[in-house]
Amino acid sequence: MMRIGFLPSDFNPMILMLGEAEDIRALSGVLRRFARDRVDVTFGELAFCHVTGADVLLTAAGTPGVHACDQRPFLWRVPPDLAAGFADRLEDLAEPGRVAGSEQLDCGTEDGIAVTVSRGEYTDDFLDRG
């Protein structure tokens, strides 16, 4: 199960996604479908995801990056071509011979909230801190 949560910070806030190889492959597939079909995705509605706190909505509309909205999920705005590149990077992270690692899925914005996908580098207690 991919565990997703927000880690607030004055300097490096992030949405952290923790998973094993099969979860990361599934996330890669979601990003590939999103790049192809351009249909919004709510992570809390995906069978392989468990979201702690505010949900995350993947969308192509608007300025790229992660945006926090009052009384709504985080909006992760990703251009479709960039989503396909993220999918490639996650497939590498999910390789069977790779024990641990992480990818920061950056939309090229310097300010804001990062999205980090981790395999074996963080523990679930990081999500309990948010």
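1. T116 lies in strand β9 of this predicted model. The residue has a relative accessible area of 7%, and because the cut-off for buried is under 20%, T116 counts as buried. Setting aside neighbours within four places in sequence, its contacts are M14, I15, L16, M17, S102, E103, Q104 and Y122.

2. M17 is one of the contacts of T116. Not counting residues up to four places away in sequence, M17 touches M2, R3, I4, L27, F43 and W76, and also V115, T116, V117 and S118.

3. The largest nonpolar core has 34 residues. Which of them touch the most other members? They are I4, I15, M17, L27, L31, F43 and W76. Two or more residues each come from the strands β1 (2-7), β2 (14-18), β4 (49-52), β5 (56-59), β7 (74-77) and β9 (114-119), and likewise from the helices α1 (21-37) and α2 (80-93). The largest share is that of α1, with seven residues.

4. An open sheet is formed by four strands, ordered β3-β5-β7-β6, with mixed pairing. Which strands stand at the edges? These are β3 (41-42) and β6 (65-67). Each has a single partner strand, so one side of each is left without a neighbour in the sheet.

5. The pairing of β6 with β7 is antiparallel and runs over three bridges. Within it, V66 has W76 of β7 as its bridge partner. W76 is also among the core residues that touch the most other members, and M17 is one of the residues in contact with it.

6. Helix α1 packs on this sheet, where it touches β3, β5 and β7. The direction of α1 makes about 40° with that of β5.

7. N12 is found in the loop between β1 and β2. Is N12 buried or exposed? Its relative accessible area is 58%, and because exposed means over 50%, N12 is classed as exposed. In sequence, N12 and A114 are 102 residues apart, yet their C-alpha atoms are 7.5 Å apart in space.

How values were computed
Residues numbered from 1 in each chain as written. Predicted model: local features only at pLDDT ≥ 70, side-chain atom pairs only at ≥ 80, totals over all residues. Heavy atoms only, no water. Core = buried A, V, L, I, M, F, W, Y, C linked by side-chain atoms within 4.5 Å. Buried < 20%, exposed > 50% of the residue type's maximum accessible area, 1.4 Å probe, protein only. Contact = heavy atoms within 4.5 Å. Pairing = 2+ DSSP bridges. Axes fitted to C-alpha atoms, helices over the stretch in contact; angles between N-to-C directions.
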